[in-house]
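I set out to record what I looked up in this structure, entry by entry.

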Amino acid sequence: MKKSLIILLLAGILFSCKKDEKKDYKPSFAKVEADTLLSDEISIRAIAIDGDKVWYAGSMGKYGWVSLNGGKDFNGVIAKDTLFPEFRAIAQTKNDIFILNVGTPAMLYKISKDGKTSKEVYSEKGEKVFYDSMQFYNDKEGIAMGDPTDECLSVITTSDGGNTWIKTECASLPKVAEGEAAFAASNTNLIIKGNDTWIVSGGKKSRVFHSEDKGKSWNVYDTPIVQGGGADGIYSGDFYDENIGFAVGGNYEKPDGNTGNKILTENGGKTWETIADGKGFGYASCVQFVPGSNGDELMTAGPSGIWYSYDRGASWKKILDERIYHTLRFIDNKTVILAGQKKVVRLRLK
């Protein structure tokens with residue numbers, strides 16, 4: 001009995017020490033080098049990494065790719081009647097790229113990766129139609145989300161590789177609160193890891209919608225991010241794995257406001273905590289985890305510049321002062337692509 005008690009006490013002490021032990025966070029790079037891949041009269045909020053290419057879609061109906069290895073670039077323009085759509089969502093399968101505009105009519109195009117063919121595969125009209133983000137689970141199944149046109153967020157899905165899309169009925173989705181919608185800031189309102197899907201909302205109510213079965217059923221969780229006004233809330237989210245997630249935002253009308261604009265979850269989005277309150281950047285339009293960082297390293301883009309954290313968001317350092325970038329994606333843990341006003345840039349982390 002005595003021996004068992006001693007073992008239990010020792011185990012308790014060891015567990016307590018382990019729990020209280022502070023992690024030794026370290027940055028994975030010391031400097032950045034930038035080179036411009038594209039200069040054009042375009043605003044870009046949607047990019048996708050495709051091997052040695054970066055696909056983009058943006059304003060004035062423009063889309064295309066830039067080469068990462070000195071190969072040829074490609075650019076195209078989509079116009080419908082006299083309308084030049086503003087594309088803010090992009091996704092891909094093995095053979096095709098999909099781009100989706102904001103506003104009405106919604107127009108979703110399927111483009112072959114050689115750039116030779118494009119086809120409209122979904123359209124939706126309505127005063128409130130406004131799609132924000134799109135992703136694919138695999139080469140067959142995809143999902144896109146947008147602002148509510150009824151009592152729920154707009155969700156469309158495909159199960160045939162993007163050839164046809166079906167809008168989910170509100171009866172199968174959680175109801176939104178009054179004034180709850182989303183922001184088409186960087187194609188990061190919708191996050192996918194395996195079968196898990198997260199949607200982040202904003203506005204007068206800013207929450208996280210989570211599905212474990214590719215959008216068939218949903219749970220909704222409150223967040224402590226700034227909310228209550230039409231321009232408040234989450235603008236971007238990312239998950240490192242099924243547990244660790246980070247979301248950023250604030251209010252684009254108050255770009256310097258850095259309180260209540262960064263939140264962290266470590267239980268898959270069920271609960272969130274504000275972090276680095278009053279520190280670092282203000283309003284941000286995009287956040288991404290650095291690959292292979294154990295969920296410790298993050299990077300954000302927005303009108304405060306490009307910021308980096310190596311301690312899971314507790315502290316932040318500005319690594320690039322250019323304030324024109326809306327979105328970013330990592331190629332690997334040492335290479336990141338930035339896109340925004342008139343530019344696509346590659347950052348090398350050294």
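My entries on these topics follow.

**Basis.** I worked from a predicted model, in which local features need pLDDT of at least 70 and side-chain atom pairs count only at pLDDT 80 or more, while totals for chains, interfaces and linings use all residues. Residues are numbered from 1 along each chain as its sequence is written, and side-chain values use heavy atoms, with hydrogens and water left out.

**Sheet.** I looked up the strands (DSSP runs of E, at least two residues, numbered from the N terminus) and their pairing (at least two DSSP bridges between two strands). I found an open sheet of four strands, antiparallel in its pairing, in the order E14-E15-E17-E18. Strand E14 (190-193) and strand E18 (219-222) are at the edges with a single partner strand each, so one side of each lacks a neighbour in the sheet. From one strand to the next, the twist averages 20 degrees; axes here are lines fitted to C-alpha atoms, with angles from 0 to 180 degrees between N-to-C directions. Four bridges join strand E17 (residues 207-211) to E18 in the antiparallel sense, and I noted Tyr221 in E18 as the bridge partner of Val208.

I checked the contacts of Val336 (heavy atoms within 4.5 Å). Leaving aside residues up to four places away in sequence, Val336 touches Met299, Leu328, Arg329, Phe330, Val345, Arg346, Leu347 and Leu349.

**E27 and E28.** E27 is largely enclosed by the rest of the structure, because six of its eight residues are buried. A hairpin of two linking residues joins E27 to E28, and these strands pair in the antiparallel sense over six bridges. Asp332 has Thr335 in E28 as its bridge partner.

**Cavity.** I searched for cavities (sets of points on a 1 Å grid over the protein atoms alone where a 1.4 Å probe fits but cannot get out; lining residues have an atom within 4 Å of a point). The structure holds one of 30 Å³ or more. The largest cavity contains about 50 Å³ of space, a volume being the space filled by probe spheres set on the points. I listed its lining as Leu153, Val155, Leu173, Pro174, Ile199, Phe209 and Trp218.

Key. Buried means under 20% relative accessible area, exposed over 50%, partly exposed in between (1.4 Å probe, protein chains only). On a 1 Å grid over the protein atoms alone, a cavity is a set of points where a 1.4 Å probe fits but cannot get out, and a pocket is an open set with protein on both sides within 12 Å along at least five of seven lines; lining residues have an atom within 4 Å of a point.
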